[in-house]
Amino acid sequence: MPKLVSQKQLKQALRWCVTTHHGRVVTVGLMVGLFYWHTYISFFVEDLWKGKSQVVLNVGFLYLGLRPFWAHRHDLAKVTVLADDRIIGHVIILAAALWLPFSGSSISLQAFLWMLILIGIAWSSFTPAIFGSFPLASLLTLAGFYPDWIWLSSQVIQAVTGPYQLENGMAWVSSQLLRAMGQTVEAQARFINLPAGAVEVAPGCSGYDMAFVLAGISVVWGLLVKQTWPRILLVATLGIATALILNIPRIMLMTFAAVYWGEDSFNFWHGAWGGQIFSAIMFTAYYYGAIAVFNQSCPQQSTRG
C-alpha cells in the first residue's frame, strides 16, 4: 500500500506549522478541535455499543466529501490567496477556536464550531472560491462531522408537525392489524391498550432512526457507484418505506412480548439481540430492492462537486 505522506513531506508540514503565521493559526484551530474530536469519537463508540449504525453515514459522507479535495490537491496547492481572504479565514478560525473549549454542554454547538474552524482553514488556504468549485464535496465533508443527524432531523420534523406524529401513526396501524388478528385492542395516541396491559410506541421504536439511516446509506451508496439522482432518491424512498413497514410487525411482536410473554421476552426483543434480528431482516430486504434499482444500466456521472 503506497504511503499517503512521505517522511520528508511530514517534516515539511511540521516546519510549516511552526515557522509561518498561517501555519500557526491553522495549527491552533486543529489543536483546539481535539476537544470536539473527543466528543465526536465518544458519541460513535456509545452508538456502536448500542447496536446503532449511524456512523456508516458519517464515514460515507467524509469519504465522498474529502475524495475530490484529495484528487485535486496539487491544483489546490497552487492557489494564490489574497491577504484579505487570509485575514477573514484566520478570524473565523480563532473565533471558533476561542469558543469551542467552553461549549462542552452541547454536541451540536461543538460540531458547529468545528465546522467553522474547517471553513476558516479552507477560506484562508484556498480562498472562498473552493466552496463554489466543490459545493457538494464541501457539504458532504461538513455533514460528515456532525454526529447525530437522526436527532437533528427529528427535532426539525417535530417543530413542523408537532411531537409524536409518527409514533401515533405507528400505534394506530399496529392496533388495526392486531384487531384484525382477533385481539381486543385500542390505540390512544402513541399507546396500544389491551385488556392485559398497554405498550407505548416511544420515539426510539417508531422506525424513524432506521428509516433515516437507510435513506442516508442510499445517498452514500448511490454517489459511490455514480448513480443518477432520480435513482438515488428512488432507493432512498425504498429504504424509508422498508424501515417503516417492517417496523410495524416489530411493534406488534413487542406488544405481545410485553403484555403476554413476560419481561424477559420483551427485554430480548427490545434489546440488542432482538434489534439485530430485525435489522438483519430489514437490511436484507432493502439490499435486494436497492440492487434491483442500481443494477439497471444508466450513464455514469462525475462525482466532483
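**Note on the predicted model**

1. Glu200 is partly exposed, with a relative accessible area of 38%; here buried means under 20%, exposed over 50% and partly exposed in between, using a 1.4 Å probe and protein chains only. The model is predicted, so local features need pLDDT of at least 70 and side-chain atom pairs pLDDT 80 or more, while totals for chains, interfaces and linings use all residues. Residues are numbered from 1 along each chain as its sequence is written, and side-chain values use heavy atoms, without hydrogens or water.

2. The side chain of Glu200 meets that of Arg190 in a salt bridge, at 2.8 Å from N to O. Glu200 belongs to strand 3 and Arg190 to the loop between strand 1 and strand 2, so the pair ties together parts that are ten residues apart in sequence. In contrast to the partly exposed Glu200, Arg190 is buried, with a relative accessible area of 18%. The count comes to one salt bridge (a side-chain nitrogen of Lys or Arg within 4 Å of a carboxyl oxygen of Asp or Glu).

3. The pairing can be followed residue by residue. Strand 1 and strand 2 (residues 191–194) are antiparallel and share three bridges (at least two DSSP bridges are needed for a pair). Phe191 in strand 2 is the bridge partner of Gln188, and Phe191 also stands opposite Glu200 in strand 3. Strand 2 and strand 3 are antiparallel as well, joined by four bridges, and they form a hairpin with two residues between them.

4. Two residues deserve a check of their backbone angles. Ala189 has a positive phi of about 55 degrees although it is not a glycine. Ala189 lies in the loop between strand 1 and strand 2 and is partly exposed, at 49% relative accessibility. Lys226, also not a glycine, has a positive phi of about 60 degrees. Its place is the loop between helix 12 (208–224) and helix 13 (229–261), where Lys226 is partly exposed at 32%.

5. The structure holds 19 aromatic pairs (Phe, Tyr or six-membered Trp rings with centres within 6.5 Å; planes under 30 degrees apart are stacked, over 60 edge-to-face, the rest tilted). Phe69 and Phe134 make a tilted pair, with 5.2 Å centre to centre and 55 degrees between the planes. This pair links distant parts of the chain, 65 residues apart: Phe69 in helix 4 (residues 55–71) and Phe134 in the loop between helix 8 (129–133) and helix 9 (135–144). Both Phe69 and Phe134 are buried. Phe268 and Trp269 form an edge-to-face pair, at 5.1 Å and 85 degrees. One aromatic cluster includes Tyr36, Trp37 and Trp114.

6. Phe268 is partly exposed, at 36% relative accessibility. Trp273 lies in helix 15 and is exposed, with a relative accessible area of 65%. Phe268, Trp273, Ile277 and Ile281 form a nonpolar surface patch with about 440 Å² of accessible area together (residues over 30% accessible and without a salt bridge, nonpolar side chains joined within 5 Å, like charges within 9 Å). Helix 15 (residues 272–294) gives the most to this patch, with three residues.

Conventions: Accessible areas come from the Shrake-Rupley method with a 1.4 Å probe; for residues, only the protein chains shown count as cover.
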